[in-house]
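Please look at the chain below with care and keep it in view while you read this briefing, which moves from single residues to the way in which elements meet.

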Amino acid sequence: MLYLVYILAGAGAGVVTGLAGLSAAVVITPLLVSVCEWQSYDAVTVALAADVLASLLTAYTYYKNKNIDLKNGMLVAITAFIGTIIGSYCGYLFSQSQPDGLGYISMITTIGLGIKFLIKPIEEGHDAESGLEHISKKKITQSMLFGCGIGWICGFTGSGGGILMLTVFTLHLGYNLKVAVGTSTMIMTLVALTGTVSHISMGATVEILPTLLVVICCVIGAYVSAKFANKCEIKKLNKVVGTCLGILGVITILLKLI
């Protein structure tokens, strides 16, 4: 039964990563904590590990479809890298006093993300090429500062980075949803790798077989969903992701309370 949960957690995480550039942790962490009774810090570590390959593959798929801004994305990635290291250490300290705290934060975040996509979908914005001409240096600098904060949040909770990156690239820099997803997953690849290494170095326990199963299923889910997302109509994409996340968040919290 547990291995079935690992498969579903990985596949579900891959789907939301490929569709909307969200962190794999919004699915993996709540399920491992609530259903499999993992320690939250260990669950976050597995989620970050899955995020590395899933985000990399997703970013490559969006790159092939010209939906990534490499230049501005790398600038934000640098500051996000620094924030992730600090956040990972803070998450470790928090997990010592509140073992299940990170898991509950991820569950609440999941519901919030679902509501956001349903109520306020991201449907407009410019593409990667025109973005280079319209974005000021001031906005790029501000985005780099946001990136540092987002990296901290992702290192601390293992989740939230994807949706916050989407917010920066859509609302602040004005990109359309597909470019925002592609660029944010590129950044999340580095952020997740940094977080994974930091968590393991601080003593997180990683079970090899469950981790491999989660990661493999996550990569497969990300590949299939990313190809679908690049062909899908944006409004429909928002509704699908929002509904899935809302249901998932409610279920995981109920399972944990029971």
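Lys66 counts as exposed, because its relative accessibility is 65%, where exposed means over 50% relative accessible area, buried means under 20%, and partly exposed lies in between, with a 1.4 Å probe and protein chains only. This is a predicted model, in which local features need pLDDT of at least 70 and side-chain atom pairs count only at pLDDT 80 or more, while totals for chains, interfaces and linings use all residues. Residues are numbered from 1 along each chain as its sequence is written, and side-chain values use heavy atoms, with hydrogens and water left out.

**Loop residues with positive phi**

- Lys66 is found in the loop between α3 and α4, the latter covering residues 70–97, and Lys66 has a positive phi of about 60° although it is not a glycine.
- Most residues other than glycine have a negative phi.
- Glu37, which is found in the loop between α2 and α3, is likewise not a glycine and has a positive phi of about 60°.
- Glu37 counts as exposed because its relative accessibility is 66%.

**The chain as a whole**

- The chain has eleven helices and zero strands, where helices (H or I, at least four residues) and strands (E, at least two) are DSSP runs numbered from the N terminus.
- Of the 258 residues in the chain, 55% are buried.
- Among the contacts with a separation of 6 or more, 84% are between residues 24 or more positions apart, a contact being heavy atoms within 4.5 Å.
- The accessible surface of the chain comes to about 11100 Å², and 70% of this surface belongs to carbon and sulfur atoms; accessible areas come from the Shrake-Rupley method with a 1.4 Å probe, and for residues only the protein chains shown count as cover.

- Tyr3 has its place in helix α1, which covers residues 2–20, and Tyr3 counts as partly exposed because its relative accessibility is 42%.
- When residues up to four places away in sequence are not counted, Tyr3 touches Leu209, Pro210 and Leu213.
- Tyr3 and Cys36 lie 33 residues apart along the chain, and their C-alpha atoms are separated by 9.5 Å.
- Helix α10, made of residues 208–229, packs with α1 at an angle of about 35°, and their axes are 6 Å apart; axes are lines fitted to C-alpha atoms, for helices over the stretch in contact, and angles run from 0 to 180 degrees between N-to-C directions.
- The residues of the contact of α1 with α10 divide into 17 nonpolar, five polar and no charged, where Ala, Val, Leu, Ile, Met, Phe, Trp, Tyr, Cys and Pro count as nonpolar, Asp, Glu, Lys and Arg as charged, and the others, Gly among them, as polar.
- The crossing of α1 and α10 is right-handed, a term used if the near helix is turned clockwise from the far one by less than a right angle, whereas anticlockwise gives a left-handed crossing.

- Helix α2 (residues 25–34) packs with helix α3 (residues 40–64) at an angle of about 150°, with their axes 9 Å apart, and their crossing is right-handed.
- In this packing, residues of α2 including Ile28 and Leu32 meet residues of α3 including Val44 and Ala47, and the contact divides into nine nonpolar, two polar and one charged.
- With helix α9, made of residues 177–201, α3 packs at an angle of about 145° and with the axes 7 Å apart, in a left-handed crossing.
- By class, the contact of α3 with α9 has 14 nonpolar, ten polar and two charged residues.

- Ser143 has its place in helix α7, residues 137–157, and Ser143 is buried because its relative accessible area is 1%.
- The side chain of Ser143 reaches the backbone oxygen of Lys139 at 2.8 Å.
- Ser143 also touches Val76, Val168, His172 and Leu173, not counting residues up to four places away in sequence.
- Gly112 is found in helix α5, residues 101–119, and Gly112 is partly exposed, with a relative accessible area of 37%.

Conventions: Polar contact = N/O pair within 3.5 Å; in protein donor to acceptor, adjacent residues only side chain to side chain.
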